Amino acid sequence: MAYRQDTTQMKRTRRRRLEVDDVTVVEPKTLKTAIAGAAVGNLMEWYDIGVYAYVAVIIGRMFLPDGSDSARSLFSLGVFAVTFIARPLGGVILGQLGDRLGRQRVLAFTLTMMALATFLIGVLPDYSKIGLWAPVLLIVLKLMQGFSTGGEYAGASTFVTEYAPDRHRALYASVLDAGSNLGAAIGALFVSLLQLNLSDQFMNGWGWRIPFMAALPFGAVALYFRLKVEDTPAFQAAQEAQRNADEEAYQAVGAPKGVGALIRAYWRQLLTGIILVAAANTTFYAVTTYMPTYLTSTLHYDPVSGNLLIVPVLVILSACVPLSGMLSDRLGRKRVLQIAALSAIIGSVPAFLLLMHGSTWSTFLGLLVLALPVALYLANLAASLPALFPTESRYGGMGITYNISVALFAGTAPVIMQGLVTLTDQPLAPAFWIMLTSLAGLFAARYMKESARRPMPGAMPTVATQEEARELVATQDTNPDLDLDELSDLLAADDLKQLQTAR
């Protein structure tokens, strides 16, 4: 009873002053190691996806030899979309585990599973060897990939944003998406080099398997870097608080929520995130995944020329994503996301008209116009989505938000866009799907809570140096990016934990 009275009194007299020891300082070396460990897995994920995208036409012939060209294209893109059926399940399960067991342990698992599935696709016998088992096993392996990737981006973005200083969170988070585009570019370049140096007969018969098999050693190197990184300070602090607290204090510092409780508590944040991810990834997958098929099947480019036009666009996109992150840290998440949505709405039709013009320069320019909103979207999403949820439920919330959206909209985007072309016989049709999803994203961004330069929900402010920590404490009463009422709740919970431990 005395303890309950003490805790009740403490809640009435919450400590509102922030002290230097309350501020998390992440040293530059630790930050670089953490970001590298997260980014290599994201690069690996998009290398896998990129390779599949650039040999999708070959896979259609190898695993559905009796189908028409349109049927093969839809089959290969449909198999790609199947990956996203498993992503929500992976996001839910791995997200829950990430909030309970730790971000780093789950991210090591996702990387291992992803690399293994990609390698097995490379050694999978085709239809001529095992008949219908070939497409069935291909789908199984893509489901395995989807389950693992369901926890990858959600975990990696959670990991980086919990490590990154508040003032530069979008810049550091943008490294993940720069790595995504770079991974897709590496996959495209690898396939293109094989196509240039191998005969069509060899490439169609066995050569297409080489980049898939290369995923195993590539994944082993990436796993080594990921295992060198400790879990995030925010997660470690939450775990320590939960270990030291009794039932009442445990609820005060926050406990990981189950799926149902998480949805009930954060359904608005989940819905906002789902719409934003749909808008961003429809455009992203149009550039990175659908374009090889569109240029080859609809505009009748030869595979090598189409791939080589996309590679420099992906490299430029990778370079622009960090610039978008810097812009977001300066102007705010909402403003840059709204600019991204407007640029997709305004630029989609002109971009596809340039692609349809048929010359090399116009195709390249059209791809760049489509890539602009992608660059603006990506760095912002990586920083914005984790900030929708508190520490104890962040991985789980991200897992649900991101993966439900990509399953419903992003993973199906290539199939939807190709289906629209087939249904309407209009090469311009994909532009209208991009415009529709970005229109929804424009409204979602407007109602999203601004998180730029502010501490992550449920966490203390994070800075890069002790000098920044002292400056933050000295200016806390006039700093518009600090919510002292919210911080006082966290400080009171920390005091409650210390009181319980002392008793």
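**Salt bridges across the chain**

R167 and E471 join their side chains in a salt bridge, with 3.8 Å from N to O, where a salt bridge means a side-chain nitrogen of Lys or Arg within 4 Å of a carboxyl oxygen of Asp or Glu. Because R167 sits in the loop between helix 7 and helix 8 (169–197) while E471 belongs to helix 21 (residues 466–474), the pair ties together parts that are 304 residues apart in sequence; helices (H or I, at least four residues) and strands (E, at least two) are DSSP runs, numbered from the N terminus. R167 is partly exposed at 38% relative accessibility, and E471 is partly exposed at 41%, given that buried means under 20% relative accessible area, exposed over 50%, and partly exposed in between (1.4 Å probe, protein chains only).

The model is predicted, so local features need pLDDT of at least 70 and side-chain atom pairs count only at pLDDT 80 or more, whereas totals for chains, interfaces and linings use all residues. Residues are numbered from 1 along each chain as its sequence is written, and side-chain values use heavy atoms, with hydrogens and water left out.

The whole structure holds 12 salt bridges, and one of them brings the side chains of R394 and E162 together at 2.7 Å, N to O. R394 lies in helix 18 (residues 394–410) and E162 in helix 7 (residues 133–163), so this pair connects parts that are 232 residues apart in sequence. R394 is buried, with a relative accessible area of 0%, and E162 is also buried, at 3%.
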